[in-house]
Amino acid sequence: EAFVNDRLRVDLQAAFDQRDSVDQELSQYMELQNNIQVLLSNEVKEMTTKVDLGSNFYVTAKVPDTSHIFVNIGM
């Protein structure tokens, strides 16, 4: 019983945390895919949007050309 409480529960919590992180990242990629589909279907050439710089500090950004999209994948 001590092994279950001391080791397996800790490992299970770590697995849950990792799963949650992967789910959050997957959700962000799905949102990106939906946004790209909207841009393509509406044939948007330029746009104005809000960008989060961190700590919920937003600024307005103008995108003059939506024909190229760059994605930071963290490598």
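Student: Let's begin with E43: buried or exposed?

Tutor: E43 is exposed, with a relative accessible area of 59%. The cut-offs are under 20% relative accessible area for buried and over 50% for exposed, with partly exposed in between, using a 1.4 Å probe and protein chains only. Keep in mind that this is a predicted model, where local features need pLDDT of at least 70, side-chain atom pairs count only at pLDDT 80 or more, and totals for chains, interfaces and linings use all residues. Residues are numbered from 1 along each chain as its sequence is written, and side-chain values use heavy atoms, with hydrogens and water left out.

Student: Where does E43 lie?

Tutor: In the loop between α1 and β1. Those names come from DSSP runs numbered from the N terminus: helices are H or I with at least four residues, strands are E with at least two. E43 also has a positive phi of about 50°, although it is not a glycine.

Student: Which other residue has a positive phi without being glycine?

Tutor: S55, with phi near 55°. S55 sits in the loop between β1 and β2, and it counts as exposed at 80% relative accessibility. As background, most residues other than glycine have a negative phi.

Student: OK, switching to charges. How many salt bridges does the count come to?

Tutor: The count comes to 2 salt bridges. The rule asks for a side-chain nitrogen of Lys or Arg within 4 Å of a carboxyl oxygen of Asp or Glu.

Student: What does R7 pair with?

Tutor: R7 forms a salt bridge with D11, and their closest N and O atoms are 3.4 Å apart. Both lie in helix α1, 4 residues apart, about one turn of the helix. R7 is partly exposed at 45% relative accessibility, and D11 is partly exposed too, at 33%.

Student: And what about R19, what does its side chain meet?

Tutor: D20, in a salt bridge of 3.1 Å from N to O. R19 is partly exposed, with a relative accessible area of 44%, and D20 counts as partly exposed at 38%.

Student: Now pockets. How much space lies in the largest pocket?

Tutor: About 450 Å³. On a 1 Å grid over the protein atoms alone, a pocket is an open set of points where a 1.4 Å probe fits, with protein on both sides within 12 Å along at least five of seven lines; lining residues have an atom within 4 Å of a point. Points are joined across faces, edges and corners, and the volume is the space filled by probe spheres set on them.

Student: Which residues lie nearest the centre of the largest pocket?

Tutor: L32, M47, T49, V63 and I69, out of 17 lining residues. β1 gives the most to that lining, with 5 residues, while α1 (2-41), β1 (47-52) and β2 (58-63) each supply at least two. By class, the lining has 10 nonpolar, 4 polar and 3 charged residues. Here Ala, Val, Leu, Ile, Met, Phe, Trp, Tyr, Cys and Pro count as nonpolar, Asp, Glu, Lys and Arg as charged, and the others, Gly among them, as polar.

Student: What lines the second largest pocket?

Tutor: E25, Q28, Y29, E31, L32, N35, V71 and N72. They split into 3 nonpolar, 3 polar and 2 charged residues, around a volume of about 180 Å³.
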